[in-house]
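Thank you for letting me take a few minutes at this meeting. Please look at the sequence and the structure first, and then I will walk through a few places in turn.

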Amino acid sequence: MLELLTSLLSSVLDAAPPLVFAAVGATLSERAGVVNVGVEGMMRAGAFTAAVAALVMPTPAGVLAGMAAGAAVGLVHAWLCVRWRSDQVVSGMALNLVMLALGTFLLEAVFDSPNSTPPITQLPKWLGHSPLTWLACMLPVVVHLAVMRTAWGLRLRAVGEKPQAVAVMGVRVSRLRLGAVVLSGALAGLGGAALSTATLDRFEHHMPSGLGFMAVAAMVFGRWTPLGAAGAATFFAFGNALRIGLASSAPELLTVVPQGVLLALPYALTLVVLAVSGKKSAAPAALGTPYDPELR
Amino acid sequence: MREGLKRLLPSALAVATSLVACFVAVSLTRGFGTALDAFAGMVWGAFGDWPRYLETGNVGAVLRPLGEAGTKAALLTFTGLSVAVAFRVGLFNIGAQGQMMVGAIVAAVAGAQVELPAALHVALCLLLAAAGGALYALGPALLKLHRGVHEVISTIMLNWVAVSLVENWLVVGPLRASASGDNSISGTDQVLPSAELPRLLGETSRLNAGFLFALLAAVGTWLFLSRFRRGYEWRAIGLNPEAARAGGIDVGRCLVQAMLTAGAFAGLAGAVLVLGTELKYPATLGAPYGFDGIAMALIGGGHPLGVLASALFFGGLRAGGTRMQLFGVHKSFPELIQGLALLLVAARLVWDRLLARLFKRKSGEEAARA
């Protein structure tokens, strides 16, 4: 039993970081009032760039490159949504579609392979896990404190609730939102980079195969707070590890509760939480509404 | 009419810009000559290989690509209409993908398990699939109305619930086809011949009656929205729900009806895919036509006929995509063109600004000349 628990814990520590980074990142953007359903695309950009960069430079530098790629996609999203007041959901979904196709195109064009990039040296292991695992343990706390306890965080949250009021205080709404979305992209990119440099040792064509949307679910489940989102992400990763563990150790249990039902649980649970909390939902009040300085 | 054309301009420009950008991308990676060949291949594969036809007189060289384009366009039209109809009342249906999967599995089961004469069987399968998709879209509508849950979040969640339950459970579990002999089969049982959608071009192409249904659906939706009272009410809600409510329109009821319609269209997309080309629910549904519906709806300007036009265009490109494979370009390349076009359409205000500046300069020049 104890053995099972430690092995479970170990696989959660390996599987959670991509989800944790992406979910915390999504929280930043949405707290500033910009819907981010483009997490999937940002993660894909990060995963691809990190794996490609790590072919020619040390892997840690590749991870940074992946972050930069995620931030770049975030910048496009921010520019469209903040500068041009585009529909935030459309922009996010469009970025997902573009990144999905672009990744496949580049894989074929650069590596002549529809499946994956050549292998790279994985990130080194510290205490049996990748450094990103330990970063994922600390980062949510840091971001939570920054959002909940600093002047910047207060402004960020206010911009997501009532941008007009913040503008009256002399704060530049667009700059704050732009920064939040770019940071969100960088964290999603880091999540993607974790997939291709720590979880695996290459970029595979299906990455991140829906993890970006699961990160959005975790953010909602965690009630739009960084710690909540990270907690939900870890919980989802734990559920996944449990499912995979059960499939190998107790397959007869899975004939009673099929895998597909377990796979659907994170999303179904998020729906239930939303349905129960209803109008008291923690979603920022100005979420999805472009800021128009002429409106007061 | 001129107004209508003006509204079309940003979409057309977005698609054109995207085509150019993607051409440059292929030129940079594969060389200019190969890019030309690849794009030519895509166009012949999309809208008929006319040079080959003129050379050999083989009609199939034209009909086969056109048929494939129509097959893809039918699916894109249905999911595009699904998103566009919800848009009309101001709802964003990201869930077309999930609703389509529900429709597809319902059609696959009804097509394989029920025995009926041909016409009746097809009708029953389509009806059940539409109902399945509609029911799956009902949840988000009710959650929105009664609990204030944003439909974008709830439909995203339901997409993944559908993937998990259908493809990771039903299709590999209770509904998996029984293996015959040594060859293991993936997906569900084959649908009976009586449930297959009739082919329009015989053996030449997979083009089936689903294409006609898609045409009918697009025209019907257009007529409904522009000529019927309920359609007028939907549009009024989309423009301003508060004003519509004040004008005596039952907004809640209209939202539910629009969402049910959206789900039904997505369900029909699934049914057409299963009964027309796959003939069973395969191991995975493949291309995410539900998400493509978002692109179709927006590039088509939210207008049913615009959706049809963009579905015909991109259906064609995607049929032609397979020919790009010969030149070292992945067959999903048209999806990149489509995604980029959607992104550029999202930047509508940029176009408006650009066009306004352009027109202003033009009218300024005319004024100066006069």
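Let me begin with A:K162, which is partly exposed because 15 other C-beta atoms lie within 10 Å; a residue counts as buried with 20 or more other C-beta atoms within 10 Å of its own, as exposed with 12 or fewer, and as partly exposed in between, the C-beta atoms being placed from the backbone. Residues are numbered from 1 along each chain as its sequence is written, and chains are lettered from A and ligands numbered from 1 in the order in which they are written.

A:K162 sits in the loop between α6 (151-161) and α7 (163-168) of chain A, where helices are DSSP runs of H or I with at least four residues, numbered from the N terminus. Leaving aside residues up to four places away in sequence, A:K162 touches A:A285 and A:A286, and two residues are in contact if their C-beta atoms, placed from the backbone, lie within 7 Å. From C-alpha to C-alpha, A:K162 and A:T117 are 45 Å apart in space, and they are 45 residues apart in sequence.

How confident is the predictor in chain A? Its average pLDDT, a confidence in each residue from 0 to 100, is 88, and 98% of the residues score at least 70. Where pLDDT is low, the predicted coordinates should not be read in detail.

Now to the contact between the chains, which takes 42 residues from chain A and 41 residues from chain B. On the side of chain B that touches chain A, at least two residues each come from α1 (2-30), α6 (118-147), α7 (151-170), α12 (289-299), α14 (333-346) and α15 (348-369) of chain B, and α7(B) gives the most, with 11 residues.

Next come the helix pairs, for which axes are lines fitted to C-alpha atoms over the stretch in contact, and angles run from 0 to 180 degrees between N-to-C directions. In chain A, α2(A) and helix α4 (residues 88-111) pack at an angle of about 25°, with their axes 7 Å apart. These two helices, α2(A) and α4(A), are therefore roughly parallel to each other; angles under 35 degrees count as roughly parallel, over 145 as roughly antiparallel, 65 to 115 as roughly perpendicular and the rest as oblique. Residues of α2(A), including A:R44 and A:F48, meet residues of α4(A), among them A:L95 and A:M99.

In chain B, α12(B) and α14(B) pack at an angle of about 50°, with their axes 10 Å apart, and that makes α12(B) oblique to α14(B). Among the residues that make this contact are B:D292 and B:A295 of α12(B) and B:Q338 and B:L342 of α14(B).

Finally, the axes of helix α4 (residues 60-88) and helix α5 (residues 96-113) of chain B come within 10 Å and cross at roughly 130°, which makes α4(B) oblique to α5(B). Here B:T79, B:S82 and B:V83 in α4(B) meet B:A96, B:Q99 and B:M100 in α5(B).

Definitions and conventions:
This is a predicted model: local features need pLDDT of at least 70, side-chain atom pairs count only at pLDDT 80 or more; totals for chains, interfaces and linings use all residues.
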